[in-house]
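Good morning, and thank you for making time for this presentation. Please look at the sequence and the structure as they come up, and I shall then take you through some of the details.

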Amino acid sequence: MSTPPIALRDVGFGYASTPVLQSVNLTLAEGDFLGIIGPNAGGKTTLLKIILGLLEPDQGTVEVFGRPPAASRGSIGYVPQYAKFDAGFPIDVLETVRMGCLGPSVRALGQAGQRDLAMAAIERVELTDLKSERLDRLSGGQLQRVLIARALVSEPRILLLDEPTASVDTRIGRSVYELLGLLSGSMTIILVSHDIGVISRYVRTIACLNVRLHYHHSRELTDEMVEAAYGCPVDLVAHGHPHRVLPTHSGEGG
Amino acid sequence: MISDALGYEFFQRALMAGLLASVACGVVGTFVVVRRIASISGGLAHASFGGIGLGYLVGFPPMAGALAFGIASALGIGVAELRLRQGMDTLIAMVWAVGMALGIVFASLAPGPTPDLLSYLFGNILFVPPVYLWLTAALDVVLLLLMRFRFRQLQAVAFDEEFSWVIGLPVGRMFLLLLGLTAVTVVVLIRVVGVILVIALLTIPAAIARHWAGGLSHMMMLAAVVGGLCISAGLFVSYGLSVAFGVDIPTGPFIILLAAALYGLSSLALALRAGKRTA
C-alpha cells in the first residue's frame, strides 16, 4: 500500500479549556476529494494550517506523504481565504500566479517555462484577458480564481482550499467546483466551506468539523454528523445553513 | 542659474549623492512601504547611534559601529517578529530609544571633546564626504544585483508569507535579509542625507509610486524617479531662492516638504480618478 498523502493521528490544538481541535483522525488516499463543513470557529482553517505545517499541533502527529508537513513543503497547493490581502500591494494577475512557480518542482523550468505554465493556469481559470490587471481592481470572484491558479501552477499532488467560493457569485462558484471536479482524479483535495448544498454535489466524501471531526468516508451527510458538528448551540444552527439545506441534501444524497 | 549651480563642486556632489540615494531608497523603500516596516526602519536608524557612540569611545570608525548596531538590531527585531507574530511597536520604540541613549552615553565617556552626534542625526546633503558617494554607488549595485536574482522570492514573501512558506521558500531568512538591507541602507544614507531625509526618502516616493504602479518592480523604478526628481528640484529651488532672493531654506527639509506636497497631489489625483470611474 502506498503512503497516504495525508494522515492525521489524534491531533489536538489549543488549550485544554478551550480546544480548537480535539482527537482529529483523518487519512486520505490518493485522489480523494473531501469536503469539510462546520460552524465558524469550528477549527476548519486551523486544521488546514496544521496539514500545511503553518501551525504545529499540540497533540498527535501529522504526516504528508509519510513525512512531517515542514519536510513536505512544495507538494501542497494552498488557496487561502482571500480576505487577508493588502489592497494597496501593486501586483498583477500574472505575477501573482507566477509565485506558484517558486516552489522546488517547477523552479528548474526557467523564466520562459514558468511564464508558460502560469499562463496555462490563468487560462484554466478563464482570466487570460485580465492577466495584466492589478489585483486590487479585480472582483472577489476573479481574485479567488487567481489564487486557485496560483495554487495549481506547480501541479501539486495535494490541494487545500479554504472557503474558495465565500464571496463568489453562483456561476463562478459552480465553475470553481467543476474545475475541482476535473482535477480531483489527479490530486488529493480538501475543500473547506460553509456552503453545504453546493459542496455535497461535487466532493467525493464529506466531513463535519466542530472541534472534533465527524467523518464516515462517505458522501452522505447524516443527521447525526450535522447534529454532532453544529450541535447544541442553537444560535450556530441559526447562523449556519444546515436547517435550510439539509432536506435538499438528504433528497439528493442517495 | 541651473548651469551656475552645476558649476559648484559641492552642488554637483549633492546632486550626485541625492540621485544615488534615490535608487537605493526606491528599491528598499518599496519593500518598506508594502511590507509596512517604516517604523522598523526608523528604529534601526536611531539604534545605529549606539554604534556611532561606541566607535568614538573605543576608537574604531563610527560608521562601522553604526552598521554593526543597525544590523544587530535588524536581526533582533526580525527574529522577535518571526517568533511572536504580533505588534512589535513597543519593542521597536524601545530599540529606537535605547540605541540613541547608548550613543549619547558612549560619546560622553569618549576621551577628548564630545563628538557632535547631531551632525550624524541631521546630516547635510550639501556636505557629503566624497567617500560616501562611492559607498552609496556600491550599495545601489548590490541592491540592483539582488533584485536581478531574488526579486520574485522577495516579492512573494512580502505579498503572502504563508503561501511562500507552503511552497518551500525560506521565509524567515528572506524577511531577515529585507530588514538587514533596510538597516544597511539607512546607516549608509544617514551620513549622506541625515536620518530625517532617509526616512522621508524611504517612504514618500514609494508611497507616491504605489498609487500608480502596475507591479512591484514598476513601483521601485517609479519611486527612484520620484525621489530623484524631488531631490533635484529641492536642490535647485533652494539654491535659486538663496541666490535670487537671499532666502536660505535648509535643503534637506525643503526636499521633504516638496515630496510631501507631491504625495498630497498624487492622493488627490488618485481620488479624483477613482471618483470618475465609479461615477
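This is a predicted model: local features need pLDDT of at least 70, side-chain atom pairs count only at pLDDT 80 or more; totals for chains, interfaces and linings use all residues.

I begin with B:Gly59, which comes after α3(B) and has a positive phi, near 100°. Residues are numbered from 1 along each chain as its sequence is written, and chains are lettered from A and ligands numbered from 1 in the order in which they are written.

Let me stay with α3(B). Helices (H or I, at least four residues) and strands (E, at least two) are DSSP runs, numbered from the N terminus. The 21 residues of α3(B) reach 31 Å from the first C-alpha to the last, close to the 30 Å expected at 1.5 Å a residue; the expected span is 1.5 Å times one less than the number of residues. Of these 21 residues, 17 are buried, and α3(B) is thus mostly covered. Here a residue is buried if 20 or more other C-beta atoms lie within 10 Å of its own, exposed if 12 or fewer, and partly exposed in between, with C-beta atoms placed from the backbone.

Next, the packing of α3(B). Helix α3 (residues 38-58) of chain B packs on helix α5 (residues 89-109) of chain B at an angle of about 20°, and their axes are 7 Å apart. The axes are lines fitted to C-alpha atoms, for helices over the stretch in contact, and the angles run from 0 to 180 degrees between N-to-C directions. This angle makes α3(B) roughly parallel to α5(B); angles under 35 degrees count as roughly parallel, over 145 as roughly antiparallel, 65 to 115 as roughly perpendicular and the rest as oblique. The crossing of α3(B) and α5(B) is left-handed, a term used if the near helix is turned anticlockwise from the far one by less than a right angle, with right-handed used if clockwise. The contact of α3(B) with α5(B) has 17 nonpolar residues, nine polar and one charged. In this classification Ala, Val, Leu, Ile, Met, Phe, Trp, Tyr, Cys and Pro count as nonpolar, Asp, Glu, Lys and Arg as charged, and the others, Gly among them, as polar.

How is α5(B) placed against helix α4 (residues 62-84) of chain B? The two pack at an angle of about 160°, with axes 11 Å apart, and are therefore roughly antiparallel to each other. The crossing of α4(B) and α5(B) is right-handed. On the side of α4(B), B:Phe69, B:Ser73, B:Ile77 and B:Ala80 make the contact, and on the side of α5(B), B:Leu91, B:Ile92, B:Val95 and B:Gly99. Residues are in contact if their C-beta atoms, placed from the backbone, lie within 7 Å. By class, this contact of α4(B) with α5(B) holds six nonpolar residues, two polar and no charged ones.

I turn now to α9(B). Helix α9 (residues 171-193) of chain B has 23 residues, which at 1.5 Å a residue should span 33 Å, and its end C-alpha atoms are 32 Å apart, which agrees. Of its 23 residues, 17 are buried. B:Gly194 follows α9(B) and has a positive phi, near 90°. In the loop between α8 and α9 of chain B lies B:Pro170, which is partly exposed, with 13 other C-beta atoms within 10 Å.

Two further residues deserve a word. B:Leu139 belongs to helix α7 of chain B and counts as buried, with 24 C-beta neighbours inside 10 Å. Beyond its neighbours within four places in sequence, B:Leu139 is in contact with B:Ala24, B:Val184, B:Thr185 and B:Val188. B:Phe236, in helix α11 of chain B, counts as partly exposed, with 17 C-beta neighbours inside 10 Å. B:Phe236 and B:Leu15 are 221 residues apart in sequence, yet 9.2 Å apart in space, C-alpha to C-alpha.

Finally, chain A and the contact between the chains. Chain A contains nine helices and nine strands, and buried residues make up 45% of its 254 residues. The contact takes 21 residues from chain A and 19 residues from chain B. On the side of chain B that touches chain A, the elements giving two or more residues are α7 (130-159), α8 (161-166) and α11 (216-245) of chain B. The residues of that side divide into 11 nonpolar, five polar and three charged.

Technical notes. Two residues are in contact if their C-beta atoms, placed from the backbone, lie within 7 Å.
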